[in-house]
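The sequence and structure come first, and the description follows.

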Amino acid sequence: MCVGSELPCITLEAGTRLTFTLQTRIYQGHWLVQEPEGPDPSLVYRPEVDPEEAKNKGGFRNYTSGPLLDRVFATYKLMHTHQTVDFVRKKHTQFRGFSYKKMTVLEAVDMLDGLVDESDPDVDFPNSFHAFQTAEGIRKAHPDKDWFHLVGLLHDLGKILALVGEPQLPVPPQWAVVGDTFPVGCRPQASVVFCDSTFQDNPDLQNPQYSTELGMYQPHCGLENVLMSWGHDEYMYQMMKFNKFSLPPEQV
């Protein structure tokens, strides 16, 4: 990756265009993100955490207990009630204009200073810190895969959808942006978070076309033909496709 190279455009809202320019520098053959000087800022929010100690993996993604569980459950309940085939198709129409606003990657990361993900059971600090933590964690684990470091930094930038709005395009609620994605148009699988307790009021499950195991899909139709719930993951994926992003498809 070249120093100061420009990444493709990204969109926020219908008609919202962003050009992300990742400013980098080269050190011993590897590119490095220009991070703020000083200690990891997320430690301000978690002063008890030893930065040299990795958290026990069994402690992550705990959806059965914890101080944030009520907030997390409420977010998924709203998501699993309102994410329908019709809702997702409308969001594709609304948000895939790719023509409104430009900003650099680090400007978008800075925007995430204002977002605490209400679906995340592990963290209660701004998502901007999570972006750098992820990129740095990947860099340490895979120092030879610079594209992977970039993916770590970018992976949650679609959450800026929850922060940017216009009078005619109000800011979406978090349940329409954050959280794990899942296929719509078929019966939710057991692997979906809170599957047994959050889908009861989803109208698609009262529709015979959408309420079976395969729903509106044919066997072996391929993931590219599956309509996923709308949120930051689907948004970033569609943005990268639209802009012919240079990462290989399996990394997108």
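Helices (H or I, at least four residues) and strands (E, at least two) are DSSP runs, numbered from the N terminus. The model is predicted, so that local features need pLDDT of at least 70 and side-chain atom pairs count only at pLDDT 80 or more, while totals for chains, interfaces and linings use all residues. Residues are numbered from 1 along each chain as its sequence is written, and side-chain values use heavy atoms, with hydrogens and water left out.

**Pro208**

Pro208 lies in the loop between helix 6 and helix 7 (232–242). Pro208 counts as exposed, at 66% relative accessibility; the classes are buried under 20% relative accessible area, exposed over 50% and partly exposed in between, with a 1.4 Å probe and protein chains only. From Pro208 to Cys186 the C-alpha to C-alpha distance is 9.4 Å, and the two are 22 residues apart in sequence.

**Aromatic pairs**

Rings of Phe, Tyr and Trp (its six-membered ring) pair if their centres lie within 6.5 Å; planes under 30 degrees apart count as stacked, over 60 as edge-to-face and the rest as tilted. The count by this rule is 10 aromatic pairs. In one of them, the ring centres of Tyr63 and Phe194 are 5.6 Å apart and the planes stand at 80°, so the pair is edge-to-face. Tyr63 is in the loop between strand 4 (30–33) and helix 1 (69–82), and Phe194 is in the loop between helix 5 (146–154) and helix 6 (195–198), so the pair ties together parts 131 residues apart in sequence. Tyr63 is buried at 16% relative accessibility, and Phe194 is buried at 14%.

Phe87 and Trp175 make a tilted pair, because their ring centres are 5.3 Å apart and their planes are at 35°. Phe87 belongs to helix 2 (residues 85–95) and Trp175 to the loop between helix 5 and helix 6, so this pair links distant parts of the chain, 88 residues apart. Phe87 is buried, with a relative accessible area of 16%, and Trp175 is buried too, with 14%. One aromatic cluster is formed by Tyr63, Phe73, Tyr76 and Phe194.

**Nonpolar core**

In soluble globular proteins, nonpolar side chains tend to be buried together. A nonpolar core is a set of buried Ala, Val, Leu, Ile, Met, Phe, Trp, Tyr and Cys residues joined through side-chain atoms within 4.5 Å. The largest one has 50 residues, of which Leu154 and Leu157 touch the most other members. Two or more residues of this core come from each of helix 1, helix 2, helix 3 (105–111), helix 4 (127–141), helix 5 and helix 7.

**Salt bridges**

A salt bridge is a side-chain nitrogen of Lys or Arg within 4 Å of a carboxyl oxygen of Asp or Glu. The count comes to 6 salt bridges, including those in the table.

| Salt bridge | Closest N and O atoms |
|---|---|
| Asp124 and Arg71 | 2.8 Å |
| Asp201 and Lys77 | 3.4 Å |
| Arg139 and Glu136 | 2.6 Å |

Asp124 sits in the loop between helix 3 and helix 4 and Arg71 in helix 1, so their pair ties together parts 53 residues apart in sequence. Asp124 is partly exposed at 46%, as is Arg71 at 24%. Arg139 and Glu136 are 3 residues apart in helix 4, so about one helical turn separates them. Asp117, Asp156 and Lys159 are linked in a network of salt bridges.
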